[in-house]
Amino acid sequence: METLSPVQIAAFEAILNKVPVDDRARLHALKDAAAASAAASAPHWDFDQPGRRAEEALTEAFGAALTDDHRRALVALWALEMPARVPAADMPPAVLELYPEWIQRLADFLTAAADPYDRDFWAKDVRISLVLSVPGARTQMIDLSSPMGPGQVLRHAREGWGWSVIPAYAAAQAWKPWLEVHTESRELSDFNEAGWDRAWATAAEICKRRPEMAGMLGSSWFYDPPLEQISPRLGYLRLNLLKHGAFMVHQGPGEIHTRRAATSSPTRAALIEAGEYTARSWIVAFPRAALIKWADGRKAAMLSEAA
């Protein structure tokens, strides 16, 4: 796979060249230490940690003079190093075939230079450019290490959400690191059943390369069971996984879940406003053995249909 095309290289170099020569020298000086700090923080449960470490390095170097041009230039600098980072990650073809589009979208976004640099996009761009997260489908990205500690599982049980999660956690050896899936809101064309199936199948291929992974998990309000009645079109997001061996862990309500649940649906917004629905976040965890079995079955069925 050609990780970067000549056009993409030119685009990232142009983004880097938007900052003064002296500032580019400072970016080159800080990039390796900042990348190492970001990578060290990546297994934390907080998705934003690598972006925060990168922000700290930039702030130390530029202080009050720091601008979004510097942030974009650092991401571009790291993107130019992806031809070394991507092969080192030893990703399966299911990931590699997605990189050309994802890298082009990154180049286009940085070139457009929309200010301010959205914090969620910054966090995602840091992770993608450093190969701490990788493409899972057109809309989904996959973190390469994420924890699921026993505390939240015990809390789920103690708060009355069910005790069966404890043997499920033990059977999955869920204290090991997990892959974790996230939605990329700048490209929603794969936010559908086929797109999510592709993302979970991609995770299965990564698990085959990385036997230390417990499987893949997702964490979101859109796994909330009441949505089966409120927004039935979203039911596949959890039901398809539960049918094939996934389990769920309750996380709880929160302002961010309320906001996100209300944003894209007048129906949900009205129910929330009336006090008739409280959006809750859940973890859905698909253990590696069940995930790989499902993905292999899916692949066999697709090959049979194509024959």
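Visitor: Which helix gives the most to the lining of the largest cavity?
Guide: This is a predicted model, in which local features need pLDDT of at least 70 and side-chain atom pairs 80 or more, while totals for chains, interfaces and linings use all residues. The lining consists of W196, D197, W200, Y236, L237, N240 and L241, and the helix that gives the most, with four residues, is α13.

Visitor: How much space lies in the largest cavity?
Guide: A cavity is a set of points on a 1 Å grid over the protein atoms alone where a 1.4 Å probe fits but cannot get out, and lining residues have an atom within 4 Å of a point. The structure holds one cavity of 30 Å³ or more, and the space in the largest cavity is about 50 Å³.

Visitor: How many of the 13 residues of α4 are buried?
Guide: Residues are numbered from 1 along each chain, and side-chain values use heavy atoms, without hydrogens or water. Buried means under 20% relative accessible area with a 1.4 Å probe, counting protein chains only. Among the buried residues of α4 are R71, L74 and W78, and helix α4 is mostly covered, the number buried being 11.

Visitor: How far apart are the end C-alpha atoms of α4?
Guide: The expected span of a helix is 1.5 Å times one less than its number of residues. Because α4 (residues 68-80) has 13 residues, it should span 18 Å, and the distance between its end C-alpha atoms agrees, at 18 Å.

Notes:
Helix = DSSP H or I, 4+ residues; strand = E, 2+ residues; numbered from the N terminus. Buried < 20%, exposed > 50% of the residue type's maximum accessible area, 1.4 Å probe, protein only. 1 Å grid on protein atoms, 1.4 Å probe; cavity = no way out; pocket = protein on both sides within 12 Å on 5 of 7 lines; lining within 4 Å. Points joined across faces, edges and corners; volume = space filled by probe spheres on them.
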